[in-house]
Amino acid sequence: MRKSARLVATLGLLALLVLMALVPPAMGQGETEDITIPPGIAAVAHDDEVVLIRSDGYIQVEDPFHSSGTDPATWTSPEGGWNFVTTGDFNGDGDDEIVALGGSRAKIYDPFPTAGTKVTFEQVLSGFNWVKAVAADIDADGRDELMLLRDDNTATAKARLLVYKGNEAGTQWTLLQDMEFGAQWADMVAGNFIGDGRAELALTRQQVPTTQGLILVLNAQTGQTIAQDSFGYYFERIAAGDADNNGLDDIAAVRNISSVQGTNMVIFRVRGVGQGLESIYSTGFGTAFRWVTMADYDGDGADEVALLRNVPPPHAGLYGVDRYGTAISLNEVIGEGWTDIRSGDIDADGRSDVLILKDNLVRAYRPGTTGTSTSIIWSKSGSYRAVFATGDVDGGTGVVTGPRLEVSPTSLTFQMEYGSSAPPAQTLTVTNATATGAISWTAQLNPQVDWLSIWPTSGQTPGTINVAVVADRVSAGTLTTNIVISGGAGVANSPVSVPVTVTVVAPTMQVTPNTINIVSKPGRAIPQRALRVTQAGGGAGGIHWYATVIFKDQWDALQAQANQVESVHVTDEGLEAVVNGKKVLLSAVEWLTIYPTHGTTPADIYLAFDTAGLTLGTYRATVIVDGGAGVINRLGYCDITLSLVDRVGALPLVIRNR
């Protein structure tokens, strides 16, 4: 049995002394804004910042801990009017962005981008109010999606859930789901509830006279219902975390009923798709806890539950539930006036802390573990609205104070057709993101290639680098390299590698016609014929081709190995083909001459026939047109059949391949 959080004071002087001892310190007294890590705990590379909404509606970021050589990641939004915040990493760059809701406005701020492009998102829907937002990776692509909840209060819907997915940069957004509901939702949270490697969304429905309480778990990407259960009294707030270290997130839920009415704090497990919820822990407190959060406060791999309520001393208003391993020690008398609770690792010790908020104070606790007691590690007085958030807004443990190299854009792509002129050159902008002076930079290709040119290769910020494709050095296909810009020693975010991709579309050669049939008498003059060599599908530039004539049976042998034929051309030794690196001598066709034997598309090839010395029969040859490497249908051809008969209209008696 878990010990109840209800504390009963006795009467008399002893009770008075106990009461005085348990009253929490006044705002800011005995507390500090400087974080220190306990001995024996190694600092990690990331910590969480605290995202507050001031009473004037502006967002204020506080950074309780920052590493040596950095400044605190403090920031204030450029505009106010906000009343809800959360955080998420929508472009996968390692720093969290801030989601802000205020009336009909929903917006994302990216105060400290570690990538070159800031995440941008804004939705304004007049007549509706955004009430909740959750960021989570619902499709396992390494980037969070955005789930927004609004109250509609229309004839057909009381609430609407909209799910947005951003592109890799977080600058363009697609609406994945737009779901209507007949009742409003009190809270929502995301977690990996069924072990599929992606986050699902859990919502708890507000109870109205015509509805019961409901917890619904959705696949937010598809809109599919995973599980749901109804309750006589609704749960007003929920949190997600792995309470028993089994690799699946659970749902901790609290509701505002007394222990006489029933359990007011429950941990649910999602049984599976279509199998509902299972209570794995429940308890009742005399005065209900109203806020809940979950995180790993003791570093044992499981998530604990932290609960918040407003009760006067000597009752505990901050309480912990730990179902795995040695229980944490969290049972704090904190007084009244609190409005929200969150978890976050604000001191970079690898374990989460518990943060609570009231209108004039935000305070962080480090829950006690074996041999230690709970302690206040940070606080900040001010004037705040009722909700706040935590997140790794700076992507590390502070903002670099020295120069920081930034290059934009973060990648370059070119496209051209083989044989055409080069596409327009592009530029990279090189700047110092901290504006602490000029950075001397150098640029080089890695790997070095001859089909891309960059200039200048050195300079100072702010500066530009010109990037151009060398058209006569490319081959058909996809070419890649990187432009590496280095800022030298002491420069953060250096070097920067900008990938460059050049897609060279191979042209297609076409030879028409593919067959010519001639029937004639020996010695009779045959009018010349013509072939047309073109670049199919249009396109700039031209295909440089070479043509020759071989006997049909030799062409049949070559055609079977067409993908291995490297060239067909005339040499001092005679007509030669190179097949898979080996030379193959071909016989010349004396009765057929072609001209010209090389050129550029579009062009005509003329065929001249000489039947002198030929006897009756059928003669076959093939005109081969070689468009060169990188050309689709590189070896174009036309089969020539010459039938010599004693009279026109008669069938030949002898078929001669040569």
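Rings of Phe, Tyr and Trp (for Trp, the six-membered ring) form a pair if their centres lie within 6.5 Å; planes under 30 degrees apart are stacked, over 60 edge-to-face, and the rest tilted. With that in hand, let's start the tour.

This is a predicted model, in which local features need pLDDT of at least 70 and side-chain atom pairs count only at pLDDT 80 or more, while totals for chains, interfaces and linings use all residues. Residues are numbered from 1 along each chain as its sequence is written, and side-chain values use heavy atoms, with hydrogens and water left out.

**Stop 1: a cluster of rings**

Select Phe90, Phe121, Tyr164 and Trp173: ring pairs link them into a cluster. Now keep Phe121 and Tyr164 in view. Their rings are edge-to-face, 5.1 Å centre to centre with 70 degrees between the planes. Phe121 lies in strand 8 and Tyr164 in strand 11 (residues 159-166), so this pair ties together parts that are 43 residues apart in sequence. Strands here are DSSP runs of E with at least two residues, and helices are runs of H or I with at least four, numbered from the N terminus.

**Stop 2**

Follow Phe121 into its strand. An open sheet of four strands has the order 5-6-7-8, with antiparallel pairing. Its edge strands are strand 5 (84-88) and strand 8 (121-124), each pairing on one side only. Two strands pair if DSSP finds at least two bridges between them. Strand 6 (residues 97-102) and strand 7 (residues 105-109) are joined by five bridges; look for Ala100, whose bridge partner in strand 7 is Lys107.

**Stop 3: an enclosed strand**

Next, select residues 185-191, which make up strand 13. Seven of its seven residues are buried, so the strand is largely enclosed by the rest of the structure. Strand 13 pairs with strand 14 (residues 200-205) in the antiparallel sense over six bridges, and Trp185 stands opposite Arg205.

**Stop 4: another sheet and another ring pair**

Move on to the open sheet with the strand order 21-22-23-24, which is antiparallel too. Strand 21 (291-295) and strand 24 (331-332) are its edges. Five bridges join strand 21 to strand 22 (residues 304-308), and there Trp291 stands opposite Leu308.

Then select Phe285 and Tyr319, both buried. Phe285 is in the loop between strand 20 (277-283) and strand 21, while Tyr319 is in strand 23 (residues 318-321), 34 residues apart.

**Stop 5: the nonpolar cores**

A nonpolar core is a set of buried Ala, Val, Leu, Ile, Met, Phe, Trp, Tyr and Cys residues joined through side-chain atoms within 4.5 Å. Which residues touch the most other members of the largest core? Of its 30 residues, they are Trp591, Leu592, Ile605, Leu607 and Ile640. Several strands each supply at least two residues of this core, including strand 49 (603-609) and strand 51 (635-644). A second, separate core of 28 residues includes Phe414, Trp441, Leu445 and Val502.

**Last stop: helix 2**

Finally, select residues 552-559, helix 2, where Lys552, Gln554, Trp555 and Leu558 are buried. Seen down the helix axis, the buried residues fall within an arc of 155 degrees (taken from the directions from the axis to the C-beta atoms), so they line one face of helix 2.

Technical notes: Buried < 20%, exposed > 50% of the residue type's maximum accessible area, 1.4 Å probe, protein only.
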